[in-house]
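User: I would like to learn how to read helix packing and annotated sites in a structure. Please go through it step by step.

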Amino acid sequence: MTPFAYREQGLCVEAVPLTRIAAQYGTPCYVYSRAALEFAFRNFDGAFSGLPHLICYAVKANSNLAILDLFARLGAGFDIVSGGELKRVVAAGGDPSKVVFSGVGKTEAEMRLALELGIHCFNVESEAELYRLNEVAGGLKRRAPVSLRVNPDVNPRTHPYISTGLKESKFGIEYARAFELYQVAQGLPHLVVRGIDCHIGSQILQVEPFVDALERVLELVDRLKAAGIRLEHLDLGGGLGIRYRDECPPDLAEYARRLAERLAGRGLKLLLEPGRALVGNAGLLLTRVEYLKPGQTRHFAIVDAAMNDLMRPALYDAWHDILPVVPHQGSARTWEIVGPVCESGDFLGHARSLALAQGDLLAIMSAGAYGMSMASNYNSRPRAAEVMVSGEQVFLIRERESVEALYALEHLLPTDALSAS
Ligand SMILES: Cc1ncc(COP(=O)(O)O)c(C=O)c1O
Ligand SMILES: N[C@@H](CCCC[NH3+])C(=O)O
């Protein structure tokens with residue numbers, strides 16, 4: 001599936017040239033391909049067709065309503081980590097009964113909302129959360145469906161900031177305590193034990209860590225079964241990596257086969273929470289070169305997108321391919337691709353060999369996941385617009401913010417308060 005290709009008018013998304021999108025919607029602008037999103041979901045879902053399963057898209061990767069709507073129509077469930085994400089799922093037409101709620105800090109209000117909407121399961125991350133959830137559910141005269149998110153202590157072999165399944169991590173319940181806490185959960189009157197959950201990290205490029213985690217979790221499933229605690233589902237979280245540069249992510253069929261092998265004959269429904277794998281390569285960030293600033297030691301191309309739009313390079317030193325929308329014949333130079341934000345860490349790419357002129361458009365690739373969803377208004381920069389391409393059509397799915405909207409919630413101190421000091 002190649003939704004991005006060079007044609008006569010330069011780089012296109014499906015049938016639409018990026019030059020047209022820039023002219024109509026301005027830059028910076030996130031551009032997604034509907035075909036790529038649908039393909040990614042169907043492909044992932046299809047790989048597990050031999051097993052009872054539910055793909056719960058991790059909303060945090062990209063929470064635009066149009067994307068949630070698309071996945072909901074394809075039958076997705078959703079993995080959420082806040083009341084805000086739950087409200088987005090509902091606003092997009094998602095089915096709350098296919099929602100799992102992860103996260104270490106669920107508030108009472110978030111629990112209440114999720115119980116009232118009837119979500120599928122809470123992935124509980126601590127003993128204290130079990131007691132709080134029991135109380136909140138009791139207050140609503142309901143029983144809360146729960147899984148314990150177990151920390152299997154396996155190394156996902158990824159960036160340390162996005163490893164979550166090691167015992168040093170704040171996530172999940174310590175493996176050694178999980179059995180005992182299942183017994184606690186079983187004894188609490190307003191909880192129903194439904195399943196078991198783990199999530200070991202993100203951008204994982206081998207199948208082994210998933211298999212190791214699954215085996216650890218299955219050991220626990222067996223011990224629980226022997227103690228009379230039967231589970232309906234096993235949620236293995238998300239984390240499957242994608243190609244940003246030259247990575248070789250695991251083949252989906254192989255990933256599915258290795259998991260299915262270990263789950264065979266157990267009667268457990270498999271839940272998965274992919275984020276990046278469904279949206280990462282379906283989107284790009286379109287930006288324009290504002291200035292070229294060649295120097296003695298380094299040459300800077302200053303573009304109109306910045307770390308507030310795409311934080312991954314600044315935060316993880318992450319690589320995103322940067323392509324010229326209309327390639328030049330001119331000779332290439334090595335450029336630092338940087339934004340206008342007042343931070344030395346504000347870069348989108350180091351040492352990129354490109355033939356550039358002021359005013360050129362660039363496409364920052366593989367920006368569909370953790371791009372817009374991690375954007376901020378730092379330096380009072382309005383967040384970018386988002387559009388979705390479908391064949392020859394372009395749909396605006398999020399307007400560019402206005403600068404006024406950025407301070408609309410703020411208040412000046414009243415004059416009398418100022419004169420009193
Ligand atoms: C609990 C949980 N589920 C799912 C995901 C999605 O991860 P990814 O986008 O790597 O698939 C994350 C993020 O790492 C997460 O924390
Ligand atoms: N935000 C990260 C992934 C974190 C996953 C969330 N648990 C990234 O951009 O790669």
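Analyst: Start with handedness: a crossing is left-handed if the near helix is turned anticlockwise from the far one by less than a right angle, and right-handed if clockwise. Keep in mind that this is a predicted model.

User: Which handedness does the crossing of helix 4 and helix 5 have?

Analyst: The crossing of helix 4 and helix 5 is left-handed.

User: How is such a pair described in general?

Analyst: Two packed helices are described by the angle between their axes and the distance between the axes. Here, the axes of helix 4 (residues 83-91) and helix 5 (residues 108-117) cross at roughly 25 degrees and come within 9 Å. Angles under 35 degrees count as roughly parallel, so helix 4 and helix 5 are roughly parallel to each other.

User: Which residues of helix 4 and helix 5 meet?

Analyst: Helix 4 contributes Gly83, Leu86 and Val90, which meet Ala109, Glu110, Leu113, Ala114 and Leu117 of helix 5. The residues of this contact divide into 6 nonpolar, 1 polar and 1 charged.

User: Where does UniProt place the feature "binding site"?

Analyst: The unreviewed UniProt entry places "binding site" at several residues, including Gly239 and Glu273. Gly239 lies in the loop between strand 12 (233-235) and helix 9 (252-263), whereas Glu273 is in the loop between strand 13 (269-272) and helix 10 (276-279).

User: Is Glu273 buried or exposed?

Analyst: A residue is buried if 20 or more other C-beta atoms lie within 10 Å of its own. Glu273 has 27 other C-beta atoms within 10 Å and is therefore buried. Gly239 counts as buried because it has 29 C-beta neighbours inside 10 Å.

User: What does Glu273 touch?

Analyst: Not counting residues up to four places away in sequence, Glu273 touches residues including Cys56, Asp79 and His199.

Conventions
Residues numbered from 1 in each chain as written. Chains lettered and ligands numbered in written order. Predicted model: local features only at pLDDT ≥ 70, side-chain atom pairs only at ≥ 80, totals over all residues. Axes fitted to C-alpha atoms, helices over the stretch in contact; angles between N-to-C directions. Helix = DSSP H or I, 4+ residues; strand = E, 2+ residues; numbered from the N terminus. Parallel < 35°, antiparallel > 145°, perpendicular 65-115°, else oblique. Contact = placed C-beta atoms within 7 Å. Nonpolar A, V, L, I, M, F, W, Y, C, P; charged D, E, K, R; others polar. UniProt positions renumbered as here; feature names shortened; annotations may be inferred. Buried ≥ 20, exposed ≤ 12 C-beta atoms within 10 Å, placed from the backbone.
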